[in-house]
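Welcome! Here is a guided look at a few helices and loops of one protein model. Have the 3D view open as you read.

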Amino acid sequence: MPSFISPQKSSPITLQNGKLVVPDNPIIPYIEGDGTGPDIWRATVRVLDAAVANSYSGQRKIHWLEVYAGEKSQRLFNTWLPDETVAACREFLVSIKGPLTTPVGGGIRSLNVALRQLLDMYVCLRPVRWFKGVPSPVKNPGAVDMVIFRENTEDIYAGLEFEEGSADNKLFMGLLQENFPAQFSKIRFPETSGIGIKPVSREGTERLVRSAIDYAIVNKRKSLTIVHKGNIMKYTEGAFRNWAYNVAEQDYPEQTYTWKQWEKTRAEAGDAEANKEQADALANGRILVKDAIADIALQQVLTRPEDFDVIATLNLNGDYLSDALAAQVGGIGIAPGGNINYQTGTAVFEATHGTAPKYADLDKVNPGSLILSGEMMLRYIGWSEAADAIIRAMDAAIASKQVTYDFARLMEGATEVKCSEFADVLIKHL
């Protein structure tokens, strides 16, 4: 099994009184990833180190600690996800990773999901914004500026499934038929059905929504949209909607105004009074908390993106929604993400795309997703000057039209550069 040794002259990030305490020389574990992971990690670490060195005149430095997961771990240690890797991410609190292969033929269902669940990182944070000049399939990609809070540990991703034809499936079906005959009767073809269970808890909902509202307050965002399919799944997604509204009204009465409050005032005093109440609340800086059915939301983020700001949603909805939004602003190759437990401080920032093995070791793919995930990581630990520098450099690099193949083929007058060369361009613009 692997044994990880912390770099010398370095210190761990700690959590004290609910806040991260970050030294000038923090230890941050990294997993380079599979497929194109090594290429994009080599580009990313150079950009992150340069941004930190430039922003703090050499007074701060990240000490990188390699830990293992995925194919490299399987090759070296005969395990896809060593316990030591999970322990290191827990001990040092903040980590970063490239894309990982999902093992085929049993074992861990998904390494990404396993890490999220083992570390109880209940928020999948996905900011989505457009960098000027990035090719987009929509007319006004600049209107897209949203932050998705996707619940990361529940929903159908919990992995509570029974394979069709298995002994467990037959046992579960028997229990369902005996104890809940009305529910069993709703299964169209019980003899040949796979079964999945969708857990959604009050506690899981509340901690996600509190994180989203806290973010909206700190970052002066104007609205929070609860995205759900509660019109069909009333006791899971419908409950998510109701619990989310309750959090806003009970825990943040001075900072939020909800559509539930509007509906209550409307029923008691009419439309005009409800509209005035809402207008007054928003004029005084309160955050509007509203909700949208998931299928409608997927349409409206395309047709009315300016109506969305912060979004709180469940696991599957968030998966669909974040990728759909990424397509509007240049694709998943430039979409960053982070998995966070705000209560313990544990966070793993990650490239949101796949491993793309056919491009492995070709120094070709866009490293933007992992670089911008690193920018999120720097912002999370409070190094906002270095994070801001990376955003400015990304703007300048894309404006110069020196971009990797995925953008170059869609941009008129662009110069195609390699993955490593794109890092050079970014560093030049720091």
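Predicted model: local features only at pLDDT ≥ 70, side-chain atom pairs only at ≥ 80, totals over all residues.

Residues are numbered from 1 along each chain as its sequence is written, and side-chain values use heavy atoms, with hydrogens and water left out.

Helices (H or I, at least four residues) and strands (E, at least two) are DSSP runs, numbered from the N terminus.

Let us begin with H5. Its buried residues (buried means under 20% relative accessible area, exposed over 50%, partly exposed in between, with a 1.4 Å probe and protein chains only) are Asn169, Met173 and Leu176. Seen down the axis, these residues fall within an arc of 65 degrees, so they line one face of H5. The arc is that of the directions from the helix axis to the C-beta atoms. An α-helix has 3.6 residues a turn, so residues three or four places apart point the same way. On the face of H5 turned away from the buried side sit the exposed residues Ala167, Asp168, Lys170, Leu171 and Glu178. The cover over the buried residues of H5 includes strand S8 (161-162), helix H6 (181-184) and strand S9 (195-196).

In H12, the buried residues are Asn315, Asn317, Gly318, Leu321, Ser322, Leu325, Ala326 and Gln328. They take up an arc of only 150 degrees around the axis, which puts them on the same side of H12. Among the elements that cover them are strand S6 (123-129), strand S7 (145-151), strand S10 (223-228), H8, helix H11 (294-303) and strand S13 (310-313). Just after H12 comes Gly330, with a positive phi of about 125 degrees.

**How H8 meets H9**

H8 (residues 237-251) packs against H9 (residues 259-269) at an angle of about 80 degrees, and their axes are 9 Å apart. Axes are lines fitted to C-alpha atoms, for helices over the stretch in contact, and angles run from 0 to 180 degrees between N-to-C directions. Where the two helices touch (contact means heavy atoms within 4.5 Å), Tyr245, Asn246 and Glu249 of H8 meet Trp259, Lys260 and Gln261 of H9.

**Two aspartates in one loop**

Which loop holds Asp361? Asp361 is found between strand S15 (347-351) and helix H13 (368-380). Asp361 has a positive phi of about 65 degrees although it is not a glycine, and it is exposed, with a relative accessible area of 61%. Asp363 also lies in the loop between S15 and H13. Its phi is near 55 degrees, again positive in a residue other than glycine, but Asp363 counts as partly exposed at 21% relative accessibility.

Our last stop is Ala393, in helix H14 (residues 384-399). Ala393 is buried, at 1% relative accessibility. Leaving aside neighbours within four places in sequence, Ala393 is in contact with Leu426, His429 and Leu430. Although Ala393 and Leu426 are 33 residues apart along the chain, their C-alpha atoms are separated by 5.3 Å.
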